[in-house]
Amino acid sequence: EELKAELLDVLGAALKTAGFIGGPMVAGFEREFAEFCGVAHCVGVGSGTDALRFAFMAAGIGPGDGIITVPHTFIATTEAISQVGASPLFVDIDEATYNMDPAQLRKYLEEQCDFDTATGKLVDRKTGCRVAAVVPVHLYGQMADMDAILEIAEKYQLIVMEDACQAHGAEYFSRKENRWRKAGSMGKAAAFSFYPGKNLGACGEAGAVTTDDAAMAQKIRMIRDHGQATKYYHDVEGYNGRLDAIQAGFLSIKLRRLAGWNEKRQQAADIYRRLLEPMKEVVGLPTEPSWSKAVYHLFVVRVQAREALQKTLGEANIGTGIHYPIPLHLQKAYSGLGYQSGSFPVTEKVAREILSLPMFPGLSAAQQVQVVA
Ligand SMILES: *Cc1c(COP(=O)(O)O)cnc(C)c1O
């Protein structure tokens, strides 16, 4: 509502020129978002799922390869892995941050992989696939422990792709570099989603890849546009995965507000913490390590009687969510991967206890008092 006039101007401009795909609004947003993330390149695509898939393709990952990620994420992370022909390989999360546990990543590489000296490749013993990449997911708006993950990845020569779809503007203090880094600037490339409910949301579907690698950006520009750099000269097969000009224009308007909106989320998180502190024995609060500046895409608490609490809140017209109720390794879609209940105990425990409370920039302190009451 507060942006209506500006958004209608964008729509008017697009209707006037009939430039609906590509063009100056897309190029403009790409420049602005690259700058916001502190990277050299941003390539607008059709969704966060496209962003992940195109980044994997551009890195040359395909059939026979395995990509390590966590089972505590939205299914798009693993859909993108499977859709390039690779296999998802899971490691468990850290119970405090809900993100990939670097110790579990190391343990997996040491204990469940073999180094094939003939090919020089790291192989997952169970599936025989070549371990090619690792995808830390910056869940709920907080970055994974990237220093530790990057160090392990370097040792094993794995490509790191960030799933930053929930973390627009989140920051991580790199002890190695002694400076704060933005989500989307630390891996080989990163995927963002601008699904309407994300911290930066379009008025429809949209996504982007950020990277410092010019060749990678160029490849993704081709992949999103049917594999062509020059019209009707197709070097490879690609996808129809471009960012709409209207969405790019909307995103430029909203990007100017993003830092302020993220601050409002952080303030709301502080208020929840203060209000919930007296009952912290029964309501587990999110952990924000000193190396993290989270942007609270979600404010997730932990409770034993989760279903009862969700029902009570629902009856008081307070909307909540569960992100996510069923770990990916226990989803029907992945029954073929050979995991079972007990494979990832931290993820499974967390999935039974998490509850996402109302969280958005316009949430008032009075509403938060009401939720907590
Ligand atoms: C939203 C999301 C995606 C996918 O984004 P879409 O734009 O919906 O395709 C991927 N990963 C995570 C963690 C997400 O939250």
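Let me begin with a term: a residue is called buried when its relative accessible area is under 20%, exposed when that area is over 50%, and partly exposed in between. The model before us is predicted, and I shall apply this term to it throughout.

Consider F20, which sits in the loop between α1 (4-17) and α2 (24-37). Its relative accessibility is 36%, so F20 counts as partly exposed. Together with L15 and I21, F20 makes up a nonpolar patch on the surface, and the three share about 290 Å² of accessible area.

I turn now to charged side chains. Side chains of opposite charge can pair when their charged atoms come close. How many salt bridges does the structure hold? The count is 19, and I shall discuss some of them.

In one of them, R181 meets E177, with 2.7 Å from N to O. Is R181 buried or exposed? R181 is buried, because its relative accessibility is 12%.

Another salt bridge links K280 to E277, at 2.9 Å from N to O. Here K280 has a relative accessible area of 45% and is therefore partly exposed; E277, at 40%, is partly exposed as well.

A further salt bridge joins R306 and E307, whose closest N and O atoms lie 3.0 Å apart. R306 has a relative accessible area of 5% and is thus buried, whereas E307, at 49%, is partly exposed. Finally, there is a network: E95, R302, K349 and E353 are connected through salt bridges that share partners.

Technical notes: Residues are numbered from 1 along each chain as its sequence is written. This is a predicted model: local features need pLDDT of at least 70, side-chain atom pairs count only at pLDDT 80 or more; totals for chains, interfaces and linings use all residues. Side-chain values use heavy atoms; hydrogens and water are left out. Patches are made of residues with over 30% relative accessible area and no salt bridge: like charges are joined within 9 Å, nonpolar side chains (Val, Leu, Ile, Met, Phe, Trp, Tyr) within 5 Å. Accessible areas come from the Shrake-Rupley method with a 1.4 Å probe; for residues, only the protein chains shown count as cover. A salt bridge is a side-chain nitrogen of Lys or Arg within 4 Å of a carboxyl oxygen of Asp or Glu. Helices (H or I, at least four residues) and strands (E, at least two) are DSSP runs, numbered from the N terminus. Buried means under 20% relative accessible area, exposed over 50%, partly exposed in between (1.4 Å probe, protein chains only).
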